[in-house]
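This report describes a sheet and a set of salt bridges in the structure shown below. Please read the text alongside the sequence and the coordinates.

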Amino acid sequence: MSCRVIEELLDGDDRYEVASVEVLEEHLKGQLERGTYDLDANLAILKLYLLFPGETKGDVLEAILLKALMAFPAADFSLCMYQIPEKHHASVAKVVELAQQLEMAKFKNFWKLAAETKRLSEVTGWQSAVIDFAVGVVAATYRSIKVDELAEILNISAGDLEKLIKEKGWSRSKEDKDVVVVSTETFISKKPVLVKEPMHMTLDQYRSMVTASSAA
């Protein structure tokens, strides 16, 4: 399904016609396969499901939420949940649980649940998206962090971890090679680097910290 066809559908009079359901569902399937993302189109599906309840498909609801999950810390997941009637919440409970773990930055629990969620195997690029989010949380909440804890948060191998440390401009502590110094402007200090205890933050707290850091 071409992007132009979808754009014309969303901008035209057919956006909320029942015939558009199948077209947009096929577009969603393409997002899962190619690792692309179209929030507007996915919200249109949810709106159509509200207009035509008989068209609602549990697997499509789950797929939409999985794509929104990959957009953290954006509020896409909440936007989508607002459009899903409570009677369908049981069918997406697994994805909601995954989102809750990310909101609280409980990455160890998230990766464990993710390993038990077979549907994720159909979503191209989900691991990279979650790792990017986790990296942002680490950069915003840690001055330094132990290597094994960082690897656990990101759920990546030692080799990939070393590559990421270089890409992000982080470094190993001179005092302790088992500690990674997170070199962000927010935490510039002349004091010795100390390992900071992990902070279990909600998504709103994370957003507030990022906003404050950007304004500094």
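Is Lys108 buried or exposed? Lys108 is exposed, with a relative accessible area of 56%; here buried means under 20% relative accessible area, exposed over 50%, and partly exposed in between (1.4 Å probe, protein chains only).

## Basis of the values

The model is predicted: local features need pLDDT of at least 70, side-chain atom pairs count only at pLDDT 80 or more, and totals for chains, interfaces and linings use all residues. Residues are numbered from 1 along each chain as its sequence is written, and side-chain values use heavy atoms, with hydrogens and water left out.

Three strands make up an open sheet in the order 1-3-2, with antiparallel pairing. Strand 1 (144-146) and strand 2 (171-172) are at the edges with a single partner strand each, so one side of each has no neighbour in the sheet. Helices (H or I, at least four residues) and strands (E, at least two) are DSSP runs, numbered from the N terminus, and two strands pair if DSSP finds at least two bridges between them.

Three bridges join strand 1 to strand 3 (residues 179-181) in the antiparallel sense. Ile145 has Val180 as its bridge partner in strand 3. Helix 9 (residues 147-154) lies across strand 1, strand 2 and strand 3, and runs at about 85° to strand 1. Contact means heavy atoms within 4.5 Å; axes are lines fitted to C-alpha atoms, for helices over the stretch in contact, and angles run from 0 to 180 degrees between N-to-C directions.

A salt bridge requires a side-chain nitrogen of Lys or Arg within 4 Å of a carboxyl oxygen of Asp or Glu. By this rule there are eight salt bridges.

One of them joins Asp40 to Arg15, with the closest N and O atoms 2.9 Å apart. Asp40 belongs to helix 3 (residues 39-51) and Arg15 to the loop between helix 1 (3-11) and helix 2 (20-34), so the pair ties together parts 25 residues apart in sequence. Asp40 is partly exposed at 37% relative accessibility, whereas Arg15 is buried at 14%.

Glu152 and Lys108 also form a salt bridge (3.8 Å, N to O). Glu152 lies in helix 9 and Lys108 in helix 7 (residues 107-115), so this pair ties together parts 44 residues apart in sequence. Glu152 is partly exposed, at 40% relative accessibility.

## A salt-bridge network

Salt bridges link Glu62, Arg119 and Glu122 in a network. Within the pair Arg119 and Glu122, the closest N and O atoms are 2.8 Å apart. Arg119 is buried at 16% relative accessible area, and Glu122 is partly exposed at 42%.
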